[in-house]
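Student: I am new to this structure and would like to learn how to read it. Could you walk me through it, feature by feature?

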Amino acid sequence: MTVHSTEVGIVGGGPAGAALAIRLAQRGVEVTLFERLVAPRWRASGVYSSVLTRGHLLDLGVPKERVSALIRPIDRMEVISLRGPRCRLRYQEPFACGIDRVRLESTLLERAAAAGAVVLEGHAVTRVDRSPGGGWKVDASGPDGRATWRARYLAGADGPGSMVARAEGLARSVHRLRHAGLTMHRLDPAAPASDLPMPAAMVLGDGWYCGLAAVPGQRTNIGIVTSERYLRQRLARGARPIDLVGDIVSRLPGDVRRSAEGRDCDALQVALPLAHRVTRRAGSTFLLVGDAAGFVDPLSGEGIHRALVSAEFAADTILHARTGRPGSGDAWGAYERRMSDRFSAKDVLSWLLQAFLSRPRLADYALRRLAARDDHRATFGSVLADLEGARDALRPGFLVGLLRP
Ligand SMILES: Cc1cc2nc3c(=O)[nH]c(=O)nc-3n(C[C@H](O)[C@H](O)[C@H](O)COP(=O)(O)OP(=O)(O)OC[C@H]3O[C@@H](n4cnc5c(N)ncnc54)[C@H](O)[C@@H]3O)c2cc1C
């Protein structure tokens, strides 16, 4: 079998892997990225993202006009319970955004190749092993057959159920609050064709929530999260996933339903389960980025943003490790700590939101309080958009202030 070599092997060419490849290649590091898809295509994944995402894309060298074509600005999120209460979270310029997901991925992979990374689309990594002499052995199967790469460092950017995490024995499944995600696009002929900001909506039902976000191309992304039990019960009664979408959309309040009733343009995709976790995000000579490093739920709309931030941290780590300077051996531990400092509180908040959502009366109560308390609502909106640290929303003072009658 042919054996190649590279300094950094990246498994996975979603937003996390592509962003990491760009950052390393821009700094002159020899990078090989393996992506099993021949070209990006619509799949179960997220589109709604933080106010900060635009800045990350610019920072990765995506030209301003290209960024504008990739995203639809979103200036407010209507959070609505089907049982009555509702509140509005506002976002200032540069606004939150709905992303053209497929074009985002092709743009980032193109940028990675332009920066000098070897981007191998259509190459599925079939196995990763530590090499006896240090570094990694990566087996991949591509259009020309199977081949092996020797890599000094390895990044797992291969999403949920990461092969790299499994090879290191770090992957764990989640047993409580198990959810399924269903997502598709529908045409919204009434959406203004320009880059005018649009509203997004999050509707809370019994056993499910449904997010609606405008994306470029006059499309609305419909993202539905149900408990695994609810989905399985519906399927057992003979419903198809698309019937479930139709049923849920028909129950949305009229003011938000309109944008979700057009013709299907990107087919329904299902992901089950959504959450997964890892016991560690790095170890000697490897790290995990994006969803490979764990994912809770799309409710907080931070998967894409987290993928881009973790890629930035990962690039710093690898650049530091390869200097070989004293202390550089601890770069991997430092990555773990940096990720934990940045994201642990948000994970706790995401689990807390899941717990509220699984108790409709509690969710409605919290929503009523949010609607009535401007300061709390502003903080909550900023925390969800990652503009403020999640610790702010977990302070006992904040929670008591929000939830007191
Ligand atoms: C239904 C649903 C709705 C979501 N909604 C949102 C949302 O609104 N906002 C948000 O921010 N996030 C959302 N997310 C999460 C978001 O999609 C992810 O956080 C984001 O895609 C993470 O990017 P990533 O690059 O880490 O992983 P991925 O996007 O999963 O990319 C991983 C890549 O690795 C490739 N790969 C996997 N295995 C191999 C292999 N063996 N060899 C080669 N390549 C491999 C895959 O083909 C893929 O391209 C949602 C997720 C789901 C499932």
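Tutor: We will go from the domains to the ligand shell, the core, a few strands and some backbone details. This is a predicted model, in which local features need pLDDT of at least 70, side-chain atom pairs count only at pLDDT 80 or more, and totals for chains, interfaces and linings use all residues. Residues are numbered from 1 along each chain as its sequence is written.

Student: Into which domains is the protein chain divided?

Tutor: Domain bounds come from an automatic or database domain assignment. Here the chain is divided into domain 1 (2-46 + 103-174 + 276-347), domain 2 (75-96 + 177-271) and domain 3 (359-403). Taken over C-alpha atoms, the centres of domain 1 and domain 3 are separated by 34 Å. Their contact takes six residues from domain 1 and six residues from domain 3; two residues are in contact if their C-beta atoms, placed from the backbone, lie within 7 Å.

Student: Which residues come nearest to the ligand?

Tutor: A residue is near a molecule or strand if its C-beta atom, placed from the backbone, lies within 6 Å of it. There are 39 residues around the ligand, and Gly 14, Gly 46, Gly 181, Gly 290 and Gly 303 come nearest. The shell draws at least three residues from each of domain 1 and domain 2.

Student: Which helix supplies the largest share of that shell?

Tutor: Helices (H or I, at least four residues) and strands (E, at least two) are DSSP runs, numbered from the N terminus. The largest share, four residues, comes from helix 9. Elements that each supply at least two residues include helix 1 (15-26), strand 12 (179-187) and helix 9 (303-321).

Student: How do the shell residues divide by class?

Tutor: Ala, Val, Leu, Ile, Met, Phe, Trp, Tyr, Cys and Pro count as nonpolar, Asp, Glu, Lys and Arg as charged, and the others, Gly among them, as polar. By that scheme the shell has 19 nonpolar, 15 polar and five charged residues.

Student: What about the core?

Tutor: In soluble globular proteins, nonpolar side chains tend to be buried together. A residue is buried if 20 or more other C-beta atoms lie within 10 Å of its own, exposed if 12 or fewer, and partly exposed in between, with C-beta atoms placed from the backbone. A nonpolar core is a set of buried Ala, Val, Leu, Ile, Met, Phe, Trp, Tyr and Cys residues joined through C-beta atoms within 7 Å. The largest such core here has 122 residues, and among those touching the most other members are Ile 10, Ala 19 and Val 289. Helix 9 gives the most to this core, with 10 residues. Leaving aside residues up to four places away in sequence, Ala 19 touches Leu 60, Leu 108, Ala 307, Leu 308 and Ala 311.

Student: Is Ala 292 buried or exposed?

Tutor: Ala 292 counts as buried because it has 32 C-beta neighbours inside 10 Å. Ala 292 lies in the loop between strand 19 (286-288) and helix 9.

Student: How many residues of strand 14 are buried?

Tutor: In strand 14 (residues 208-215), eight of its eight residues are buried. Trp 208, Cys 210, Leu 212 and Ala 214 point one way, while Tyr 209, Gly 211, Ala 213 and Val 215 point the other way.

Student: Which strands pair with strand 14?

Tutor: Two strands pair if DSSP finds at least two bridges between them. Strand 13 (residues 198-204) pairs with strand 14 in the antiparallel sense over four bridges, and Leu 204 has Tyr 209 as its bridge partner. Strand 15 (residues 219-227) also runs antiparallel to strand 14, joined by eight bridges; there, Ala 213 is partnered with Asn 221.

Student: What should I look for in the backbone?

Tutor: Most residues other than glycine have a negative phi, and most peptide bonds are trans. In this model, Gln 218 has a positive phi of about 50° although it is not a glycine, and Gln 218 sits in the loop between strand 14 and strand 15. Gln 218 counts as partly exposed because it has 19 C-beta neighbours inside 10 Å.

Student: Where is a cis peptide bond?

Tutor: One of them runs from Glu 93 to Pro 94, with omega near 10°. Pro 94 lies in the loop between strand 5 (86-90) and strand 6 (96-99). The bond from Leu 272 to Pro 273 is cis too, with omega near -10°.
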